Amino acid sequence: MVMKLLGNNTEISSCYNNAKKPSAMVKYIEDEKEKKKKIISDPDGYEKGVDKQLKFDCTSSTVKSKFSCETLKIVEQHLNDFTESNFKSVIASAGGFDNYAKSLGGVFTEYYGAKPKVTTAYELQRVSEYVYGFMYMYGFDYKNGVKDKNKYCKWGGGCEKLGELRAGKIIKRSSSDAFLPGTQIHDKDGLSDRKHFDKLISDKAEINMTTNCNWTVDMIFYKAGIFGTGRTNVNSSSGFKKMARKNKIITNFKDFRPGDIIHFFDQSVDSSNPNTWNGWKHVAFVGKVDLEKHTATIYEGGGYFITGRNFKRVINTDKTTKKLAGWQGWGAVRVIELS
């Protein structure tokens, strides 16, 4: 009736007369990213989707750790780029470490020289691949101190006390792609730089490609912009007492979330009571949680990783046990909330 009164000489009339009938097949959908994502939510609001966490579907006959497909391909191609003896000359021939890192591609090009401040599980997994990927391509050794009683492990090999190695004992097993091949060990100085990973792996500092459990966690959390930036009240993964006093304690496997730091003890402890946390021996962190499969993947950085060349340990979250990963007791702390 309105249109009849207006006639055909108005702008509104023209718009009405030329309008097309909507298609019955039109659907109102979210953007492409949301359309492709499968979401599972738990009471804490944690979401797992294909774009929320990295996928680790690819396998390799030469690389034992499970990386994302892109990172795995890069690691495979660069396992034997150099050893300690020719490291500086190879980097020099590449035009410096900046150029070498750029030539690798993927997370190695993206994060070398960068100072990210991760806020999501996905970002933490990518930064973890950056650190673990470089350690894998180099073939890091393990060293938890410089005294004779301290332990030294070869990349892909066995472990001995430093004192016995200094006395001439040989670690029988080792991997050919180690940074220190054969029976060589790094016995020149103290531990490597846990706070400045980029400086450690480049030719800008002393060559000391060794790590241990808490050094590795620190390397990742500093690189991720979690430690050393005021975003958490702890700056060392070994400081379990301070962590437990100032942060949320996690007592059930089903409550694990990426970024949670797990401490391991050589005696039985009450995971809910930090006053019982005695006999600290090891530390790792949760790298991935799969709510569909009821699993959590622990990212390791100590002898387990160095000797077995595998930094991931998968556990079933349906049942919480007092023992974990071969240790008599464990306690977990959430130092940062990741989405």
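This is a predicted model: local features need pLDDT of at least 70, side-chain atom pairs count only at pLDDT 80 or more; totals for chains, interfaces and linings use all residues.

Visitor: Where is Thr317 found?

Guide: Strand S11 covers 312-316 and strand S12 covers 329-334. Thr317 is found in the loop between S11 and S12.

Visitor: Is Thr317 buried or exposed?

Guide: The relative accessible area of Thr317 is 9%. Buried means under 20%, so Thr317 is buried.

Visitor: How do H4 and H8 lie to each other, roughly parallel or roughly antiparallel?

Guide: Helix H4 (residues 69-77) and H8 pack at an angle of about 20 degrees, and their axes are 9 Å apart. Angles under 35 degrees count as roughly parallel. H4 and H8 are therefore roughly parallel.

Visitor: Which residues of H8 meet H4?

Guide: On the H4 side the residues are Thr71, Ile74 and Val75. By class, the contact of H4 with H8 has four nonpolar, two polar and one charged residues. The residues in H8 are Glu129, Gly133, Tyr136 and Met137.

Visitor: What is the arrangement of H8 to H11?

Guide: Helix H8 (residues 121-138) and helix H11 (residues 213-223) pack with their axes 9 Å apart, at an angle of about 130 degrees. An angle of that value makes H8 oblique to H11.

Visitor: Which residues of H11 make the contact with H8?

Guide: From H8 the contact uses Leu124, Val127, Ser128, Tyr130, Val131, Tyr132 and Met135. The contact of H8 with H11 divides into eight nonpolar, two polar and one charged residues. The residues of H11 are Thr216, Met219, Ile220 and Lys223.

Visitor: Is the pair of Phe82 and Phe87 stacked or edge-to-face?

Guide: The structure holds 37 aromatic pairs. The ring centres of Phe82 and Phe87 are 5.0 Å apart and the planes are at 85 degrees. Planes over 60 degrees apart count as edge-to-face, so this pair is edge-to-face.

Visitor: How many residues apart are Phe240 and Trp280?

Guide: Phe240 and Trp280 form a stacked aromatic pair, with 6.3 Å centre to centre and 5 degrees between the planes. Phe240 is in helix H12 (residues 240-246) and Trp280 is in strand S9 (residues 280-290). The pair links distant parts of the chain, 40 residues apart.

Visitor: Is Trp280 buried or partly exposed?

Guide: Phe240, at 13% relative accessibility, counts as buried. The relative accessibility of Trp280 is 23%, so Trp280 counts as partly exposed.

Methods:
Residues are numbered from 1 along each chain as its sequence is written. Side-chain values use heavy atoms; hydrogens and water are left out. Axes are lines fitted to C-alpha atoms, for helices over the stretch in contact, and angles run from 0 to 180 degrees between N-to-C directions. Helices (H or I, at least four residues) and strands (E, at least two) are DSSP runs, numbered from the N terminus. Angles under 35 degrees count as roughly parallel, over 145 as roughly antiparallel, 65 to 115 as roughly perpendicular and the rest as oblique. Contact means heavy atoms within 4.5 Å. Ala, Val, Leu, Ile, Met, Phe, Trp, Tyr, Cys and Pro count as nonpolar, Asp, Glu, Lys and Arg as charged, and the others, Gly among them, as polar. Rings of Phe, Tyr and Trp (its six-membered ring) pair if their centres lie within 6.5 Å; planes under 30 degrees apart count as stacked, over 60 as edge-to-face and the rest as tilted. Buried means under 20% relative accessible area, exposed over 50%, partly exposed in between (1.4 Å probe, protein chains only).
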